[in-house]
Amino acid sequence: MFNDDELTDLGCHRRNGLWQMALSSDRGYSFPSWGRGARPINVVNECIAGYFTDNNRTSLACYGDNRGEWTLMESTGRGWTTSVWTEAPTLQRPVYEQCLSGDLNIDEMTDLMCYTGQEGTWNIWLSSATGYKAALWTQGPSPNWPIDHQCVTGDFTGDSATDMACYPNVGDVWEMVLSR
């Protein structure tokens with residue numbers, strides 16, 4: 001949903017630096033090109049879609065070549081505005097093998113959880129209308145790499161907050177983190 005109609009839209013990064021959009025409406029699709037966005041080498045490996053701001057449009061957070069920086073591409077409905085999240089830890093690529101997303105604090109914005117590879121330690125970014133707040137969880141699950149084969153998110157308690165469960169391939173035990 002890159003525009004305001006609450007219908008699913010598509011965006012594909014082209015090698016010329018533009019994003020080819022497919023914006024849906026009740027009359028079909030329009031196909032504008034948007035510039036000024038991040039230039040990921042591989043969108044699937046480097047970008048996570050979500051509501052990272054309070055404008056009710058899908059944004060993309062893309063991990064870039066600069067270590068510890070994410071480019072946030074906020075949809076305006078007609079293009080992108082970009083900002084950079086700095087002071088973020090260096091990640092491995094692809095990010096989906098290390099990061100999960102969800103709404104941890106029930107503010108209807110997407111937050112990120114990225115496993116550091118150190119036992120039980122996760123970097124957390126809580127989105128807000130004015131940016132993000134970084135935190136470090138030190139008592140989380142300790143999955144093997146890559147985490148996308150072992151960890152899932154969902155609301156396991158019915159409180160509307162995203163929880164996390166990881167299966168460490170040891171017996172019948174799941175490690176869980178329940179958001180508050």
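# Strands, aromatic rings and salt bridges in a predicted model

Three strands form an open sheet in the order β13-β14-β15, and their pairing is antiparallel. Strands β13 (151-154) and β15 (175-177) are the edges of this sheet; each has a single partner strand, so one side of each lacks a neighbour in the sheet. On average, neighbouring strands of the sheet are turned by 20 degrees against each other, direction ignored. Such angles are taken between axes, which are lines fitted to C-alpha atoms, and run from 0 to 180 degrees between N-to-C directions.

The model is predicted: local features need pLDDT of at least 70, and side-chain atom pairs count only at pLDDT 80 or more, while totals for chains, interfaces and linings use all residues. Residues are numbered from 1 along each chain as its sequence is written, and side-chain values use heavy atoms, with hydrogens and water left out.

## Strand pairing

Strands of a sheet pair through backbone hydrogen bonds, either parallel or antiparallel. Here strands are DSSP runs (E, at least two residues), numbered from the N terminus, and two of them pair if DSSP finds at least two bridges between them. Strand β14 (residues 163-166) is joined to β15 by 3 bridges, the two running antiparallel. Within β15, Glu-175 stands opposite Cys-166.

Strands β1 (residues 10-13) and β2 (residues 19-25) also run antiparallel, joined by 4 bridges. Gly-11 has Met-21 in β2 as its bridge partner. The hairpin of β1 and β2 has 5 residues between the strands, and Gly-17 in this hairpin takes a positive phi near 95 degrees.

## Tryptophans and other aromatic residues

The terms for accessibility are as follows: buried means under 20% relative accessible area, exposed over 50%, and partly exposed in between (1.4 Å probe, protein chains only). Trp-174, found in the loop between β14 and β15, is partly exposed at a relative accessible area of 47%. Together with Val-152, Phe-156, Met-176 and Leu-178, Trp-174 forms a nonpolar surface patch with about 500 Å² of accessible area in total. A patch of this kind joins nonpolar side chains within 5 Å, from residues with over 30% relative accessible area and no salt bridge.

Trp-70 lies in strand β7 (residues 70-75) and is buried, because its relative accessibility is 0%. The C-alpha atoms of Trp-70 and Thr-90 are separated by 9.9 Å, although the two residues are 20 apart along the chain.

The whole structure contains 9 aromatic pairs. One of them is Tyr-63 with Trp-70, an edge-to-face pair at 5.5 Å centre to centre and 65 degrees between the planes. Rings of Phe, Tyr and Trp (its six-membered ring) pair if their centres lie within 6.5 Å; planes under 30 degrees apart count as stacked, over 60 as edge-to-face and the rest as tilted. Tyr-63 is also buried, at 3% relative accessibility. Elsewhere, ring pairs link Phe-2, Trp-19, Trp-34 and Trp-80 into a cluster.

## Salt bridges

Side chains of opposite charge can pair when their charged atoms come close. A salt bridge requires a side-chain nitrogen of Lys or Arg within 4 Å of a carboxyl oxygen of Asp or Glu. The structure holds 2 salt bridges.

| Salt bridge | Closest N and O atoms |
|---|---|
| Asp-4 and Arg-57 | 2.8 Å |
| Asp-26 and Arg-27 | 3.5 Å |

Asp-4 lies in the segment before β1, and Arg-57 in the loop between β5 (47-50) and β6 (59-63), so this pair ties together parts that are 53 residues apart in sequence. Asp-4 is exposed, at 57% relative accessibility, whereas Arg-57 is buried, at 15%. Asp-26 and Arg-27 are both exposed.

Key:
Patch = residues over 30% accessible without salt bridge, like charges linked within 9 Å, V, L, I, M, F, W, Y side chains within 5 Å. Areas by Shrake-Rupley, 256 points an atom, 1.4 Å probe, with all protein chains shown as cover.
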